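Hi everyone, thanks for making time for this one. Have a look at the sequence and the structure on the screen, and then I'll walk you through the parts I like.

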Amino acid sequence: DFDDERDDPNSKIAILLGNTGDGKSTAANRLVGDRSRMADQGPFKTSNQCESCTQHLSKHKVELEDDEITMTVVDAPGFNDSQGKDRTHANELCAYLKGCGGIN
């Protein structure tokens, strides 16, 4: 649900897309402030293998340093999913994008 994001002109949504194992969850953790060595202590589950870890879209909201902009970071399952769920993931992504009001 993206009601807050749609109503706030200072809110941005970043959706991380890429192949399975490319580091989307790691990058998402960095974006929301995880400073651990491997960026594996944030809200997004990570893996050190090229197997699917993220199976559902998930989001985490963070306020940027100037406190005027809120960014919602969305971690998405990877393309070329090791479990063969590309079609399912693509359908979920389309519904998610529609729910967030599109890309800004």
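Let me start with a question: how many residues of β3 are buried? The answer is 6 of its 6, so β3 is mostly covered, where buried means under 20% relative accessible area, exposed means over 50%, and partly exposed is in between, with a 1.4 Å probe and protein chains only.

Before I go on, a word on what we are looking at. This is a predicted model, in which local features need pLDDT of at least 70 and side-chain atom pairs count only at pLDDT 80 or more, while totals for chains, interfaces and linings use all residues. Residues are numbered from 1 along each chain as its sequence is written, and side-chain values use heavy atoms, with hydrogens and water left out. Helices (H or I, at least four residues) and strands (E, at least two) are DSSP runs, numbered from the N terminus.

Now, the sheet. There are 3 strands in an open sheet, ordered β1-β3-β2, with mixed pairing; two strands pair if DSSP finds at least two bridges between them. The edges belong to β1 (11-16) and β2 (58-63), each of which has a single partner strand, so one side of each is left without a neighbour in the sheet. On average, neighbouring strands here are turned by 20 degrees against each other, direction ignored. For the angles, axes are lines fitted to C-alpha atoms, for helices over the stretch in contact, and angles run from 0 to 180 degrees between N-to-C directions.

Let's take the two pairings in turn. β1 pairs with β3 (residues 70-75) in the parallel sense, over 6 bridges. Ile13 has Thr72 as its bridge partner in β3, and Ala14 stands opposite Val73. Ser58 finds its bridge partner in Asp75 of β3. The hairpin of β2 and β3 has 6 residues between the strands, and Asp67 there takes a positive phi near 60 degrees.

Which way do the side chains of β3 point? Thr70, Thr72 and Val74 go one way, Met71, Val73 and Asp75 go the other way, and all are buried.

The buried residues of α2 are Lys24, Ser25, Ala28 and Asn29. They share the same side of α2, because they cover an arc of only 135 degrees around the axis, the arc being that of the directions from the helix axis to the C-beta atoms. β1 and β3 are among what covers these residues. Just after α2, Gly33 has a positive phi of about 110 degrees.

His89, Leu93 and Tyr96 are the buried residues to look for in α3. Their arc is only 65 degrees around the axis, which puts them on the same side of α3. The buried residues of α3 pack against β1, β2 and β3. Exposed Arg87, Asn91, Cys94, Ala95 and Lys98 sit on the face turned away from that buried side. Just after α3, Gly101 takes a positive phi of about 90 degrees.

Finally, the loops. Leu17 lies in the loop between β1 and α2 and is partly exposed, at 47% relative accessible area. Leaving aside residues up to four places away in sequence, Leu17 touches Lys24, Ala76, Phe79 and Leu93.

Are they buried or exposed? Ala39, in the loop between α2 and β2, is buried, with a relative accessible area of 0%. Asn80, in the loop between β3 and α3, is exposed, with a relative accessible area of 55%.

That's my tour, and I'm happy to chat about any of it.

Notes:
Contact = heavy atoms within 4.5 Å.
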